[in-house]
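Have a look at the picture below, then read on.

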Amino acid sequence: MERTYNNKAWFLVLPVLVLVAFSAIIPLMTVVNYSVQDTFGNNQFFWAGLDWFQDVLESNRFWNALGRNLIFSAIILAIEIPLGIYIALNMPKKGWGVPVCLVLMALPLLIPWNVVGTIWQVFGRVDIGLLGRTLAAAGIDYNYVQDPVDAWLTIIVMDVWHWTSLVVLLCYAGLVSIPDAYYQAARIDGASRWSVFRFIQLPKMGRVLLIAVLLRFMDSFMIYTEPFVVTGGGPGNETTFLSIDLVKMAIGQFDVGPAAAMSLVYFLIVLSLSWVFYTVMTNQGQEKGK
Amino acid sequence: MDFSWMAWTWPTATFFGVILALLCGMAVWEYRVPGGSPRVGILRFETTRGDRLFISLLGSAFINLAWLGLVGPELWWSLALSVVYAVCVFRFV
């Protein structure tokens, strides 16, 4: 029997297309237009061709910020994903502890980015902050305003505190959806704790882990508010990530053309890395499912 | 409506026109041959023709950026290279 294709349902997605056009496509088109022109305001533009793209590609400032971004994302993923899995594995699966743990885990996610930044900015201050003063009293030379290593440690710990909960909640959702029959079969086979994790829990968490890795990578690669509030990109440019640099260029210096070119290169990098992550992880999942 | 804030130029309008034409072409192709023609190519995982267009466009962007950074602002050769790359993607990926 020949299959019938009915494409009329596509009309139902028209409202979403209109919304996406106004919120994403039109702004993106404008950024592309700005990236090949120069402006001094008042809607007057002058053709610059590919000059801004060439400037971006030849600028150490861009490559350094990109390098810092990649290192930051790699560290964040290396800490938050295993830690999130570990916490989810150790959370209670039934009883009164479940809602308590879920609420505690959800709390950091409910705090706005700038408030998280402010909390850690005050928390880490050597003169009035609880963390800063405690470390100073313990004889540890900690000062995130002056020391690049301390600044990096502070924003990494802050991000881990803020976002590990997301990984925990996603992994927990994956874990509670595993039917008891799998565990019973493992017990009958005399499987060790590691075997249960390796051959039952980890594969069953594959899909949610994919979402967790993608979300955390995208978010950490595009991080702006928290490090901006805590360190302002300093000391020097040590914690200046691409987004901070971009805002400095576009709003601080009003270099709209170079900022547009830089944001397009940034967009391409995010798009391709996300595609690689997504493709690798979904294909691994499919191969395992075969 | 005044769209002067969007700062349109002929080269950028042509760029978006080509993208739109490609998407319309893909829609017509899908209408004529539904299902997306999934297959496993040299990347060893299944791709549809939409995936192949995405890989072609993304790769072309990087080819042009690399040419701009390493060779110079004359992008006609890199454009030709991108077309060859896109043909290869549609043929082998």
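Predicted model: local features only at pLDDT ≥ 70, side-chain atom pairs only at ≥ 80, totals over all residues.

Two residues are in contact when they have heavy atoms within 4.5 Å of each other.

Residues are numbered from 1 along each chain as its sequence is written, chains are lettered from A and ligands numbered from 1 in the order in which they are written, and side-chain values use heavy atoms, with hydrogens and water left out.

**Chain B**

Chain B has 3 helices and 2 strands, counted as DSSP runs numbered from the N terminus (helices are H or I with at least four residues, strands are E with at least two). Going along the sequence, they come in the order α-β-β-α-α. Chain B is more spread out than a compact globule, because its radius of gyration is 16 Å, well over the 12 Å that the globule rule gives for 93 residues. That radius is taken over C-alpha atoms, and the rule is 2.2 Å times the number of residues to the power 0.38. The C-alpha trace of chain B spans about 45 × 40 × 15 Å along its principal axes.

**The chains side by side**

Buried means under 20% relative accessible area, exposed over 50%, and partly exposed in between (1.4 Å probe, protein chains only). Accessible areas come from the Shrake-Rupley method with a 1.4 Å probe, and for residues only the protein chains shown count as cover. Lys and Arg count as positive and Asp and Glu as negative, with His and the chain ends not counted; each charge is placed at NZ of Lys, CZ of Arg, CG of Asp or CD of Glu.

| Chain | Buried residues | Accessible surface | Charges |
|---|---|---|---|
| Chain A | 41% of 290 residues | about 16400 Å², 68% from carbon and sulfur atoms | 17 positive and 19 negative, mean positions 16 Å apart |
| Chain B | 30% of 93 residues | about 6200 Å², 74% from carbon and sulfur atoms | 6 positive and 5 negative, centres 16 Å apart |

Chain A comes to 13 helices and 2 strands, and its C-alpha atoms fill a box of roughly 80 × 75 × 30 Å along the principal axes. Among its contacts between residues at least 6 apart in sequence, 68% join residues at least 24 apart.

**Where they meet**

The contact takes 25 residues from chain B and 25 residues from chain A. The area buried between them is about 2300 Å², with 77% given by carbon and sulfur atoms. In chain B, B:Trp5, B:Leu65 and B:Leu68 lose the most area to chain A, together 21% of what that side buries. Buried area here is the accessible area (1.4 Å probe) that two parts lose on being put together, summed over both.

Zoom in on B:Thr12, in helix H1 (residues 10–32) of chain B. B:Thr12 counts as buried, at 5% relative accessibility. Setting aside neighbours within four places in sequence, B:Thr12 is in contact with A:Val32, A:Asn33 and A:Val36.

From the other chain, which residues does A:Trp275 contact, leaving aside its neighbours within four places in sequence? They are B:Phe45, B:Phe54 and B:Ile55. A:Trp275 sits in helix H13 (residues 256–289) of chain A and counts as partly exposed at 26% relative accessibility.
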